[in-house]
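Please open the structure in your viewer and keep the sequence beside it, so that each stop can be selected by residue number.

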Amino acid sequence: MSDIQTCGIVCPTDWVPLPLDPSDDVKRWAKNTATELCERSRTAGYELDGKVLRKDLRGWAEDSRSRAPLYGFAFYPDGFDTALALLEVDVIRPDDTVPRLSLDWLADTFSAHDFGPPQISHPELPIGPAVRLRQNFAADGMPRRGPGVLLQTVTYGVLPKDTDNAVVLLVSWSVPGIDEEIEDAADSIAQTVTVGF
């Protein structure tokens with residue numbers, strides 16, 4: 001079986017890619033990205049506070065970098081100076097502790113039972129079989145979300161064909177009332193994941 005060397009994903013333009021490489025200048029990125037997002041929102045008829053937006057962008061980038069995923073995206077629809085959701089993608093490879101990855105292992109590893117068992121389904125994605133988990137966490141003390149927040153998530157664990165590696169896509173949000181929109185976005189984006197060997 002081949003090792004995954006590259007992984008691709010296609011996100012709509014309101015999902016802003018985060019600078020995850022250690023050599024990236026997060027401060028400069030936040031300034032430039034805030035300018036672009038302010039202009040985009042202005043064109044759509046909204047005025048944003050650039051300073052608030054820069055601070056929010058930096059916070060999300062630093063938070064995501066602390067976990068070192070392969071990709072990270074923050075959801076900034078027009079008119080919002082704070083991100084409404086986070087998307088991260090990573091590749092998991094078997095090792096001595098887990099010599100064989102399976103959909104059951106992915107479901108067990110990424111499940112939480114804070115508010116009952118997760119909703120689990122087994123969709124087939126273009127790159128291979130997957131497990132989809134929809135669940136809520138008690139997110140006490142999370143750096144970007146403050147204490148006592150309900151963190152909602154959709155997680156896809158995928159076993160791409162021709163490899164013993166897995167791809168994990170996690171979308172999380174704490175803003176109430178956007179569940180259906182974010183779940184639809186997660187499901188649509190999961191369909192675009194590609195891998196190369």
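The tour below goes from stop to stop, saying what to select and what is there.

This is a predicted model, in which local features need pLDDT of at least 70 and side-chain atom pairs count only at pLDDT 80 or more, while totals for chains, interfaces and linings use all residues. Residues are numbered from 1 along each chain as its sequence is written, and side-chain values use heavy atoms, with hydrogens and water left out.

**A positive patch**

Begin by selecting Arg28, Lys31, Lys51, Arg54 and Lys55, which form a positive surface patch. Patch residues have over 30% relative accessible area and no salt bridge, with like charges joined within 9 Å and nonpolar side chains (Val, Leu, Ile, Met, Phe, Trp, Tyr) within 5 Å. The elements that give two or more residues to the positive patch are helix 1 (26–43) and helix 2 (50–65), and helix 2 provides the largest share, three residues. Helices here are DSSP runs (H or I, at least four residues), as are strands (E, at least two), both numbered from the N terminus. Within helix 2, select Arg54, which counts as partly exposed at 34% relative accessibility; on this scale buried means under 20% relative accessible area, exposed means over 50%, and partly exposed lies in between (1.4 Å probe, protein chains only).

**Salt bridges**

Which residue forms a salt bridge with Arg42? Select Glu39, and the closest N and O atoms of the pair are found 2.8 Å apart; a salt bridge here is a side-chain nitrogen of Lys or Arg within 4 Å of a carboxyl oxygen of Asp or Glu. Because Arg42 and Glu39 are three residues apart in helix 1, they are separated by about one helical turn. Arg42 is partly exposed at 39%, and Glu39 is partly exposed at 41%.

Next select Arg40 and Asp78, whose side chains meet in a salt bridge at 2.7 Å, N to O. Arg40 lies in helix 1 and Asp78 in the loop between strand 3 and strand 4, so this pair ties together parts that are 38 residues apart in sequence. Arg40 is partly exposed, with a relative accessible area of 24%, and Asp78 is likewise partly exposed, at 31%.

A further salt bridge joins the side chains of Arg67 and Asp63 (3.2 Å, N to O). Here Arg67 is partly exposed at 39%, whereas Asp63 is buried at 7%. Across the whole structure, a search finds 11 salt bridges.

**A buried glutamate**

Move to Glu88 in strand 4 (residues 86–92), which counts as buried at 9% relative accessibility. Its side chain makes a polar contact with the side chain of Ser64 at 2.6 Å; such a contact is a pair of N or O atoms within 3.5 Å, where within protein one must be able to donate a hydrogen and the other to accept it, and residues adjacent in sequence count only if both atoms are side-chain atoms.

**Two positive phi angles**

Most residues other than glycine have a negative phi. Select Ala68, which has a positive phi of about 55° although it is not a glycine, and follow the loop that holds Ala68 between helix 2 and strand 3 (71–75). Ala68 is exposed, with a relative accessible area of 55%.

Finish at Asp162, where phi is positive at about 70°, again in a residue that is not a glycine. Asp162 sits in the loop between strand 8 (149–158) and strand 9 (166–173), and counts as exposed at 56% relative accessibility.

Key
Accessible areas come from the Shrake-Rupley method with a 1.4 Å probe; for residues, only the protein chains shown count as cover. Lys and Arg count as positive and Asp and Glu as negative; His and the chain ends are not counted. The place of a charge is taken as NZ of Lys, CZ of Arg, CG of Asp or CD of Glu.
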